[in-house]
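I opened my notebook to look up a few features of one structure.

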Amino acid sequence: MKKTDDKKAHDAKADDRKTVAMLAALAEARHDDPFAVLGPHAQGTGVVVRACIPTAERVTVRHGGAETAMTRRHPSGIFEAVMPGTAAVPDYRLDVTYGGGSSAVLDDPYRYGPVLTDFDLYLFGEGTHTRIYDKLGAHLMTVGGNDGVHFAVWAPNARRVSVVADFNSWDGRRHPMRKIGLGIWEIFIPGIGVGQKYKFELLTAHGEILLKSDPFGFAFELPPLNASIVVRPDYQWRDAAWMQSREAQGSWFEKPLSVYEVHLGSWARVPEDDNRYLSYAELAARLIPYVKEMGYTHIELLPVMEHPFSGSWGYQVIGFFAPTSRFGSPVEFKAF
C-alpha cells in the first residue's frame, strides 16, 4: 500500500512540475500548442477552462446562467476554473475585470475548432489550391453563430505564431495560433471585425521575435506604416450588361487594340492640396474619359499592389492581394 501511495505522490509531483512548465511556456509566449492548454478541456467529470489575459485583475466564466470565478494560476495573467458536473463543454463567456475597474465580456477563441479543412491542406500541400487567398490571410466569417475574423498564415519554420493587433494591445501572449499541419497556423477570433489593424508575431527557431505583415492581406496602412487591415472587399459589380454585350461581339483578338500604360501615382496630382495623389474615384472621373478621348481601348496599370517605397513605382510588392491604400480602399479600387 505504501508503494502505491508513494507512486501516486510521485506522479502528482511530476504532473505538478509539468503544469508549472506548461504555464511558464504560455506566460513567456513560447508554447507551440496553446490550444492544448487554453480554452475548455474535459477533466474527470467536469470541464477545466484556462485563459491567458495578462492585463486582467479578475476573470469569471459565465455559463448557462451560472458563474464560476477563475483562479490566477500564473502571475502573468493565466487563469483557470473548473466547472464540475458534466464533461460536456458549455457555451460560455469570460467576464473580465481589468486594472482601473474597466470590464468586458469576451468570447473565448480557444473554444473553437479549426476552420481550414483537411482538403484545404491536401491541395495546399500539392500546390494546387487555386484559391488559397480565400483561406490564408484575414477573413470575416461566422462560426458557431458568432461573428469574427479567421486568421491563417504559412510559417513552417516558426516555433510559435500569434495574431497581434489593436484589440489585444499587440501582445503576443494573448492570441497564439494553432498549428494544423504543413506549417500553417490559424485561429478564429470572435467579436472583432472590419478596420482592425494586425500583424503576425513569430517566434523563430533561434528564439527571435519577428513582426510580419500578412502576405495575404487585402489592405494595409499607408506607408511608412505597414500593418495589415481587416476589410470586407465585397463589391456589387454593375457591368452585367457590358459583359453580356462583350460576349455577343465575338472574339477580342478580332478587334482593334490600343493600350495606355499608366502609373496612377504620377499620371496626375492635386497641386492645390499639397500635391497629393488622386483617389481611385478621382482617377475614374478623370483618367478613363481621357483615355477614351485619346482613342485607347485598354488601360494597363503599373503595379498597384501594396508596396512600401513609392519610388519603386509599385515594383517592390509586399501585398500581392491588396491594391495600394495610397489611392483608397479595395472597394474603391473595384469601383475604379
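I began with a definition: a salt bridge is a side-chain nitrogen of Lys or Arg within 4 Å of a carboxyl oxygen of Asp or Glu. I noted that the model is predicted, so local features need pLDDT of at least 70, side-chain atom pairs count only at pLDDT 80 or more, and totals for chains, interfaces and linings use all residues. Residues are numbered from 1 along each chain as its sequence is written, and side-chain values use heavy atoms, without hydrogens and water.

**Salt bridges**

I searched the whole structure and found 18 salt bridges. I looked at Arg276. Its partner Asp273 has the closest N and O atoms 2.6 Å apart. Glu282 also forms a salt bridge with Arg276, at 2.8 Å between the closest N and O atoms.

How exposed is Arg276? I read a relative accessible area of 30%, so Arg276 is partly exposed (buried is under 20%, exposed over 50%, partly exposed in between, with a 1.4 Å probe and protein chains only). Asp273 is partly exposed at 38%, and Glu282 is partly exposed at 27%.

I then checked Glu67 and Arg62, whose side chains meet in a salt bridge at 3.9 Å, N to O. Glu67 is exposed at 56%, while Arg62 is partly exposed at 36%.

I also listed a network of salt bridges that links Asp91, Arg93, Asp107 and Arg111.

**Why these pairs?**

I wrote down the general idea: side chains of opposite charge can pair when their charged atoms come close.
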